[in-house]
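Colleague: Please take a close look at one part of this model and describe its partners and surroundings.

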Amino acid sequence: VVGCTVYNVWMLSDCTMKRLFTILLALLAPVMSLAQSEAQIIEKINAASSKIESLECDFVQTKQLKILNNSLISKGKMYYSKPNMLRWEYTSPYNYIFIMNQHQILLKNSSRADVIDVNQNRIFKDISRLMMNSIMGDLLKDNASFEISIAPTKGGYTATLLPIKREIKQMWTKLVLFFDEVSLGVERVEMHEKTGDSTIIT
């Protein structure tokens, strides 16, 4: 990308790393079934997701900080095209763009743009793998990264992911996805941090 620099992952702020995982966890597949075992439900999600060629949606992100009474709300759009192209863009109250194109990641705000080669760093390679797995429907069978459980709840279904990998456990204690009973689509994602803060995406 012209005018951009390669960015070392160890120079990224904790906020940036959390933003990347936030993006990752907003991209899960849209099908659930009540009268089936967890393994069958996950397999059905994977099968449905594998048929997706492209996605486009709006999102609202609510950041709840333990030390503040007010919530921080941001909005944006997400675009995905098979097999490895993703654009996650915050449009309000600030502009921030995350783009994945094959093996490169672009991080861009109003003042700078940085390019990361995921093949040059193990952590970013893992992040990109998890992001693509989430879109392709494979995240819910990633037992190396998460302890996963799925259960019916009022108005739908809930998938709870408990991090196993050290890199993820350092930031999140629990990830919860809510599936609508009628549309069977993901309507909300919650990410709970060790600090007591949380991020909710609808």
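Modeller: Q64 stands opposite S198 in strand β12. This is a predicted model, in which local features need pLDDT of at least 70, side-chain atom pairs count only at pLDDT 80 or more, and totals for chains, interfaces and linings use all residues. Residues are numbered from 1 along each chain as its sequence is written, and side-chain values use heavy atoms, without hydrogens and water.

Strand β12 spans residues 198–201 (strands are DSSP runs of E, at least two residues, numbered from the N terminus). Both of its faces are covered. S198 and I200 are buried on one side, and T199 and I201 are buried on the other (buried is under 20% relative accessible area, exposed over 50%, partly exposed in between, with a 1.4 Å probe and protein chains only).

Two strands pair with β12. One of them is β2, which runs antiparallel to β12 over four bridges (pairing requires at least two DSSP bridges between the strands). Strand β11, residues 186–193, also pairs with β12 in the antiparallel sense, again over four bridges. Within that pairing, M191 of chain position 191 stands opposite T199. β11 and β12 form a hairpin with four residues between them. In the turn of this hairpin, G196 has a positive phi of about 100°.

On the β2 side, the chain can be followed onward. β2 covers residues 54–64, and a loop separates β2 from β3, residues 71–81. I67 is found in that loop. I67 counts as exposed because its relative accessibility is 79%, whereas the four residues of β12 named above are buried.

Strand β9, residues 156–163, is mostly covered, with six of its eight residues buried. β9 is joined in the antiparallel sense to β8, residues 146–153, by eight bridges, and E147 has L162 as its bridge partner in β9.

L175 counts as buried because its relative accessible area is 1%. The C-alpha atoms of L175 and T160 are separated by 5.8 Å, although these residues are 15 residues apart along the chain.
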